[in-house]
Amino acid sequence: MIEIKNLTKEFQTADGTVEALRDVNLNIQDGDIYGIIGMSGAGKSTLVRCINMLERPTRGQVFIDGQDIAKLTDKELRAVRRDVTMIFQGFNLLMQRTCLKNICFPLELAGMEKEKAKKRALELLDVVGLPDKANAYPAQLSGGQQQRIAIARALATDPKVLLCDEATSALDPKTTHAILELIRDINRRLGITVIIITHQMSVVEEICSRVAILDSGSVVEEGVVSEVFSSPKSGAAKRLVFPDGADEILEEVPGERRIRVVFSGAVASREPLIAKMAMEEQITASILGASTKSIGDKAYGNMLLGLPDDDGVVKRAIQYLSSIPDVLVEEVTGDVR
Ligand SMILES: Nc1ncnc2c1ncn2[C@@H]1O[C@H](COP(=O)(O)OP(=O)(O)OP(=O)(O)O)[C@@H](O)[C@H]1O
């Protein structure tokens with residue numbers, strides 16, 4: 001388990017002190033896929049760098065399996081960094097080395113003999129679905145393939161935790177989906193705890209079980225993804241849920257009730273769903289705001305629907321939509337903004 005307690009990180013700059021993290025408290029359970037989401041400058045990278053002590057906290061502690069990592073010697077810290085590995089937005093591969101040698105690199109650093117490291121690297125190329133790329137150089141691969149090699153390298157030392165810092169931000173939606181599938185597969189098959197740092201809500205919705213929302217260095221909301229995203233409370237969460245300001249009109253309108261529908265991989269696109277509800281339940285809903293996207297045949301994101309002010313209709317609409325797998329529905333009251 002990773003426990004972050006009262007973590008504060010300040011940077012001294014020419015313009016004064018910047019508080020990048022303020023009193024952050026988080027518990028990340030073993031085997032979780034945990035999302036940390038926030039806008040640019042929220043403190044995500046600083047948090048991740050404090051988790052593996054690339055950055056020393058100004059105050060507070062990070063415990064990994066009960067061990068306060070600030071108290072470790074340099075040698076012990078190197079061992080922790082083999083247990084807590086990382087992938088990045090820019091992949092950070094060594095361009096002069098082949099893929100195989102990139103994966104061997106952390107093993108050689110850990111003192112493993114060459115032949116053994118090579119055997120392990122070949123196994124990992126298989127795990128990430130690129131068995132034929134051993135002798136290719138990173139520049140010969142697509143972005144998605146390079147990230148697969150980076151994942152293989154991150155897995156080389158049999159880590160317990162994989163930190164993913166904006167790992168899919170440079171990739172197109174289809175490749176992002178494939179990489180997230182791979183990460184999910186690794187989490188399930190190898191039991192590795194995954195921490196996903198991102199500014200993209202769709203990434204959290206697709207893969208994470210829990211999420212913390214970071215805003216100006218503080219955790220403003222934390223919990224199960226579907227619950228946090230279906231009823232965002234903080235301004236930061238609302239901005240993330242409706243990034244395009246799709247809810248700007250959303251003052252309460254007399255005679256109208258509103259429900260929020262959250263899709264986390266539901267096999268449905270929004271038009272047929274609303275049309276189907278109209279046909280099957282004779283309920284006409286208007287789409288007041290939507291921020292959804294389809295990846296393959298699955299929908300992610302959420303939608304705000306307007307319904308007639310009738311208890312029976314609202315109840316039936318909620319029942320109808322909730323019966324669809326991977327869809328969460330909740331009535332929204334008050335101004336949404
Ligand atoms: N080494 C540093 N020196 C001074 N200020 C820093 C340093 N690193 C980060 N900061 C400041 O701390 C705050 C949080 O930065 P951080 O990079 O952690 O945010 P982020 O959420 O990862 O942003 P982004 O998504 O843009 O990478 C910002 O205000 C940033 O300017």
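The model is predicted, so local features need pLDDT of at least 70 and side-chain atom pairs count only at pLDDT 80 or more, whereas totals for chains, interfaces and linings use all residues. Residues are numbered from 1 along each chain as its sequence is written, and side-chain values use heavy atoms, with hydrogens and water left out.

**The annotated span**

Begin by selecting residues 2–241, which an unreviewed UniProt entry annotates as "domain: ABC transporter". Such annotations are given in the numbering used here with shortened feature names, and they may be inferred rather than shown by experiment. The span is 39% helix and 28% strand, and its end C-alpha atoms lie 27 Å apart. Helices (H or I, at least four residues) and strands (E, at least two) are DSSP runs, numbered from the N terminus.

**The ligand**

Next, select the ligand together with F11, T13, V18, A20, M39, S40, G41, A42, G43, K44, S45 and T46, the residues around it.

Display the polar contacts, which are pairs of N or O atoms within 3.5 Å. In the side chain of T46, an N or O atom is 2.5 Å from an oxygen atom of the ligand. For S40, a polar side-chain atom lies 2.6 Å from a ligand oxygen.

The largest share, three residues, comes from α1.

**The largest pocket**

Now select R81, T85, M86, P106 and L109, which lie nearest the centre of the largest pocket among its 19 lining residues. A pocket is an open set of points on a 1 Å grid with protein on both sides within 12 Å along at least five of seven lines, and lining residues have an atom within 4 Å of a point. The space inside is about 610 Å³. α2 (74–83), β6 (84–88), α3 (99–109) and α5 (143–155) each supply at least two lining residues, and β6 gives the most, with four.

**The largest cavity**

How many cavities of 30 Å³ or more does a search of the whole structure find? The search finds one, with a volume of about 30 Å³. In a cavity, a 1.4 Å probe fits but cannot get out. To view the lining, select E166, A167, T168, L180, I183, I196, I197, T198 and V203.

Methods:
Near = heavy atom within 4 Å. Polar contact = N/O pair within 3.5 Å; in protein donor to acceptor, adjacent residues only side chain to side chain. Points joined across faces, edges and corners; volume = space filled by probe spheres on them.
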